Each structure stands twice: as C-alpha cells, then as structure tokens.
Amino acid sequence: MSLPLSHPALAAADPDVAALVGAEELLQADTLRMIPSENYVSAAVLEATGTVLQNKYSEGYPGRRYYEGQQNIDPLERLAADRARAVFGVEHANVQPYSGSPANLAVYLAFAEPGDTVMGMALPMGGHLTHGWGVSATGKWFRGVQYGVRRDTGRIDFDQVRELALAERPKLLFCGGTALPRTIDFAAFAEIARECGAVLVADIAHIAGLVAGGAHPSPAPHADVVSTTTHKTLRGPRGAMLMSREEHAKAIDKAVFPGLQGGPHNHTTAAIAVALHEAAQPSFRDYAHAVVANSRALAEELLARGFDLVSGGTDNHLILMDLTPKDVPGKAAAKALDRAGIVVNYNTVPYDPRKPFDPSGIRIGTPSLTSRGLGTGHMAAVAEWIDRGVAAAGSGDEEALAKIRAEVTELMRAFPAPGLAVD
Ligand SMILES: *Cc1c(COP(=O)(O)O)cnc(C)c1O
C-alpha cells in the first residue's frame with residue numbers, strides 16, 4: 001500500500017500537512033469505520049469541495065447578492081436548492097448553513113425569542129446538544145424542556161411527550177437525534193406539535209441519506225421545518241440545509257443570512273449539489289436500504305453474542321450498545337476497538353449510571369462500511385471482531401487486538417473506499 005500522490009502542490013508547499021493528510025487517507029482506508037455520523041464521500045464530492053468556488057464571496061441569495069460576479073454562483077446555488085427540493089419533496093430549501101449546529105440555531109432565530117420555552121430530546125437519551133441541552137447556547141438562551149425514552153423499552157414515550165408539551169407549551173418542538181436506533185414517528189410528533197401550538201422541527205442530520213433513499217419515512221409531510229447536515233448518511237460535504245414549506249421560507253432565509261451567517265461556502269454548495277445528484281440515483285436507494293439491512297444483520301449477530309442493545313435492536317443505520325453486562329466501560333471498549341482497527345465512539349445509554357465522559361455504551365453504525373460495499377454476509381465477521389475486541393479490552397489482551405487489526409485491514413483492502421487515492 002502506497003501513500004497517495006494526489007496532492008502534489010500540497011506535498012511540495014507543505015510536507016507537514018501533506019503527511020498528515022496522507023496518513024489520514026491511509027487510516028480511513030485500512031480501518032473499519034463505524035462511527036454512525038461518518039461516511040466516505042465520492043471522489044466527485046471531494047473534488048467539488050476543492051475548487052476555486054471557495055475564492056468567491058456571495059452574501060445574500062441568488063438574484064439578491066451584496067457582491068458582484070455571481071454569474072456562476074447564482075445558478076449553482078439554485079441548482080443545489082432545486083435538487084434538495086426534489087430529493088426531499090419540500091417546497092423550500094436553504095443550502096447555506098455552515099453545519100448542523102448553526103442550521104439549528106437559525107431555526108431558533110427564525111421562530112423564537114430568547115427565554116422562550118423549547119423542547120427536544122435530552123442529550124443523554126440520544127438527542128442533540130442544539131435541541132435545548134443546558135451546556136449549549138440553545139439551553140442557555142432558551143428554556144429547554146427535555147423528553148427521553150422509556151426505561152423498559154428504550155423507545156420514545158409519546159404520552160410523556162404530549163403531557164410535557166401541553167404543560168410547557170414550547171415554541172419549538174425538536175424530534176430526531178444522534179443516538180436513536182429506531183424509526184422516528186414524525187406524524188405522532190406533528191400531532192403533538194399541533195396540539196400545543198409548537199413549530200415542529202425534524203432534525204434528520206443522521207438519517208437524511210436514509211430518507212433520501214426511501215429507507216426511512218420522510219418528515220416532509222409532517223414537519224414545519226426539516227433540518228439536516230449533509231455529511232452523514234447523505235454522503236455529502238460537511239454542511240447543512242434547512243427545508244420547509246413556502247410559508248416559512250422567508251423567516252428561515254432571513255435567519256440564516258443576515259441573521260447568523262455571512263458569505264455562504266460556495267465550494268460546499270457545489271459539493272452539496274453533487275451529493276444530491278448522487279442521492280437522486282437508483283443506486284443511492286440501494287445504498288440506503290443496504291445500510292439498514294447491514295445494521296439489522298449486525299444487530300442480530302451482536303444479540304446472538306450476548307450484547308445488550310438499547311431498544312433491543314435497530315431500524316436504521318445505528319446501534320447503541322450497553323456494555324454493562326460485559327463488564328467493560330464504553331470508553332475502554334472504544335479505545336481497545338480503535339487499537340483493533342475498528343473506529344467507534346463511546347456513548348451514554350439512556351439512564352446511564354456512569355458519567356458522560358466515561359459512559360456505559362458504545363455507538364456503532366453501518367454507513368461507511370456499506371459505502372465500501374460490505375454486505376450482510378460480512379456482518380457476522382464484524383460482530384465477531386467487536387466481540388473479541390470487547391473481551392480483549394476487558395482482559396487487556398493487546399495481542400488479540402493486534403490480531404483483529406490485521407484481519408480488519410485484510411478485509412478493508414479488498415473493499416477500496418470511495419474517494420481515497422490509496423491503492
Ligand atoms: C450531527 C448532528 C447535528 C450537528 O451537526 P454539526 O454539523 O456537527 O454541527 C445536529 N443535529 C443532529 C441530530 C445531529 O446528529
């Protein structure tokens with residue numbers, strides 16, 4: 001395996017940075033990447049992010065810019081927004097948010113005043129920081145009311161959500177999260193939002209690719225606002241989009257610019273357009289369904305090896321494992337698996353008795369390995385590696401971890417990753 005020679009200008013100008021980029025390419029090529037928010041973008045998406053579009057300032061929106069020279073940028077941004085509307089079946093799309101967190105902040109700016117009550121899922125239950133959690137600006141500047149999942153089922157309790165929403169009357173109701181292994185019932189949230197008069201925000205950052213590929217129900221018929229990152233299952237560049245019905249278009253656009261941001265990242269806009277074009281192809285439907293099929297197959301294999309999965313399994317791309325029965329803390333397991341070439345993250349599980357910085361669980365997912373072409377037939381091997389890795393974490397068996405790493409690398413080399421120049 002050779003280091004890539006695909007960045008000759010960078011290598012000549014700055015060997016230090018080039019070496020780190022090359023090492024990262026090798027790492028991404030050789031490891032089993034299972035962090036569910038990560039993926040491999042295509043070579044086309046990568047190329048789009050590295051274009052001269054990044055030299056251009058374009059504050060404003062197509063046809064209404066504060067800078068001249070937008071002959072190419074205006075049609076580009078319109079193309080990206082048109083593709084977003086087509087892929088997600090929405091009336092309006094704003095493709096300018098820099099990332100998921102600023103996108104969500106723009107929603108607050110559009111629909112709420114500081115001090116207003118907002119409601120979302122608690123971070124330790126699987127929600128996102130920006131859904132009103134205390135350490136986030138959204139929990140400091142707004143009054144965050146948080147719901148969770150049931151202790152017995154690991155699933156959202158809609159009676160609890162309704163009771164809380166009717167008592168607290170939030171301006172915004174967020175659904176979606178970062179560690180939710182089950183289908184989000186957008187219709188049920190919409191009914192509650194209507195009852196309490198809240199704006200329903202479906203944050204599909206994690207599952208946007210599954211929605212685009214028809215492997216998860218769409219929030220479009222139910223949510224007032226759909227917020228998403230573009231870099232997770234959607235397999236685009238790091239960025240975000242806010243989508244809505246036409247009635248909210250003005251409020252959202254004003255909140256993103258000039259409310260929160262300056263010039264849009266045009267190179268990112270280009271790459272979002274490319275990713276949306278890819279997401280509109282029949283092969284992306286196959287991809288999205290394969291991600292879920294792999295996740296389900298992996299869950300079965302893990303259950304068969306005695307692992308405790310939050311909610312008992314998965315409907316989507318991710319699995320949340322409670323390692324308490326294995327007697328290995330999540331962080332120790334994640335670090336050991338990393339040494340074994342399996343990259344995951346440690347994660348709190350609902351009602352976790354341990355601390356967030358050293359919680360009981362790990363979170364894994366199948367988007368990246370599915371992008372490399374691994375199928376359900378490989379999931380027994382993946383589960384076996386995780387099982388051996390967690391056991392080795394418990395016993396401190398570094399030799400076992402090294403052996404797993406060699407096996408992982410051998411399989412990974414048979415499934416080259418999209419976008420990587422390593423060969
Ligand atoms: C990832 C994520 C975000 C934030 O995205 P960043 O681009 O990391 O700021 C917001 N909401 C949810 C549900 C996410 O999973």
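Where is the place of Leu123? Select Leu123: the residue is in the loop between β5 (117–121) and α6 (137–140). Helices (H or I, at least four residues) and strands (E, at least two) are DSSP runs, numbered from the N terminus.

This is a predicted model: local features need pLDDT of at least 70, side-chain atom pairs count only at pLDDT 80 or more, and totals for chains, interfaces and linings use all residues. Residues are numbered from 1 along each chain as its sequence is written, and side-chain values use heavy atoms, without hydrogens and water.

**Stop 1: Leu123.** Leu123 is partly exposed, at 30% relative accessibility. Buried means under 20% relative accessible area, exposed over 50%, partly exposed in between (1.4 Å probe, protein chains only). Show its contacts (heavy atoms within 4.5 Å). Beyond neighbours within four places in sequence, Leu123 touches His128, Leu129, Trp133, Gln146 and Thr348.

**Stop 2: Gly127.** Stay in the loop between β5 and α6 for Gly127. Gly127 is buried, at 0% relative accessible area. Leaving aside neighbours within four places in sequence, Gly127 is in contact with Met121, Ala122, Gly176, Gly177 and Thr178.

**Stop 3: the sheet.** Now select the strands. An open sheet of 7 strands has the order β4-β10-β9-β8-β7-β5-β6, with mixed pairing. Its edge strands, β4 (92–94) and β6 (143–147), each pair on one side only. Two strands pair if DSSP finds at least two bridges between them.

**Stop 4: β7 and β8.** Zoom in on β7 (residues 172–175) and β8 (residues 199–203): they run parallel, joined by 4 bridges. Pick Leu172; its bridge partner in β8 is Val199.
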